[in-house]
Amino acid sequence: AATLNPKVIIATDYDEHVLGLARKNFEHNVPALARQERAQARQLSWGSEEDAASLQPPFDIIVGSDVVYREEMFKPLLKTLRLTMS
């Protein structure tokens, strides 16, 4: 994603420890974007309208990998996708 010179890259998770790892990865792999705050790690609770709005959507592209492990999280994830893509 960083090679496309995006306006911003935002990695999200609910867990602060995971967000800390994402920040370190940004600092190591895309230091210029991290210094300019164009590579960000932000907390997101699926289904939360407030959290989704704080990301300042809409987004052109949303990429996910190994996203859902529990079936009860499908609906909150879909709600969040709708909120961030419209």
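**Close-up views of a predicted model**

**View A. Arg 70 and its salt-bridge partner.** At a relative accessibility of 49%, Arg 70 counts as partly exposed. Keep in mind as you look around that this model is predicted. Arg 70 forms a salt bridge with Glu 72, and the closest N and O atoms of the two are 2.7 Å apart. Side chains of opposite charge can pair when their charged atoms come close. How many salt bridges does a search of the whole structure find? The count is three, and the next two views show the others.

View B. Lys 79 has a relative accessible area of 31%, so it is partly exposed.

**View C. Glu 16 with Arg 23.** These two side chains make a salt bridge in which the closest N and O atoms are 2.9 Å apart. Both partners are worth a look for their accessibility. Arg 23 is partly exposed at 32%, and Glu 16 is partly exposed too, with a relative accessible area of 45%.

**View D. The two sides of helix H1.** Which residues of H1 are buried? They are Leu 19, Ala 22 and Phe 26. Viewed down the axis of H1, these buried residues fall within an arc of 55°, so they line one face of the helix. Strand S1 (9-13), helix H2 (31-35) and strand S2 (39-43) are among the elements that cover them. Over on the other side of H1, you will find His 17, Lys 24, Glu 27 and His 28 exposed.

**View E. The start of H1.** Zoom in on Asp 15, where a side-chain oxygen comes to within 2.7 Å of the backbone nitrogen of His 17.

View F. Thr 84 sits in helix H4 (residues 74-85). Is Thr 84 buried or exposed? With a relative accessible area of 4%, Thr 84 is buried. A polar atom of the Thr 84 side chain lies 2.9 Å from the backbone oxygen of Thr 80. Beyond its neighbours within four places in sequence, Thr 84 is in contact with Ala 52, Leu 55, Pro 57, Pro 58, Phe 59 and Ile 62.

Note on methods
Residues numbered from 1 in each chain as written. Predicted model: local features only at pLDDT ≥ 70, side-chain atom pairs only at ≥ 80, totals over all residues. Heavy atoms only, no water. Helix = DSSP H or I, 4+ residues; strand = E, 2+ residues; numbered from the N terminus. Buried < 20%, exposed > 50% of the residue type's maximum accessible area, 1.4 Å probe, protein only. Polar contact = N/O pair within 3.5 Å; in protein donor to acceptor, adjacent residues only side chain to side chain. Contact = heavy atoms within 4.5 Å. Salt bridge = Lys/Arg side-chain N within 4 Å of Asp/Glu carboxyl O. Arc of directions from axis to C-beta.
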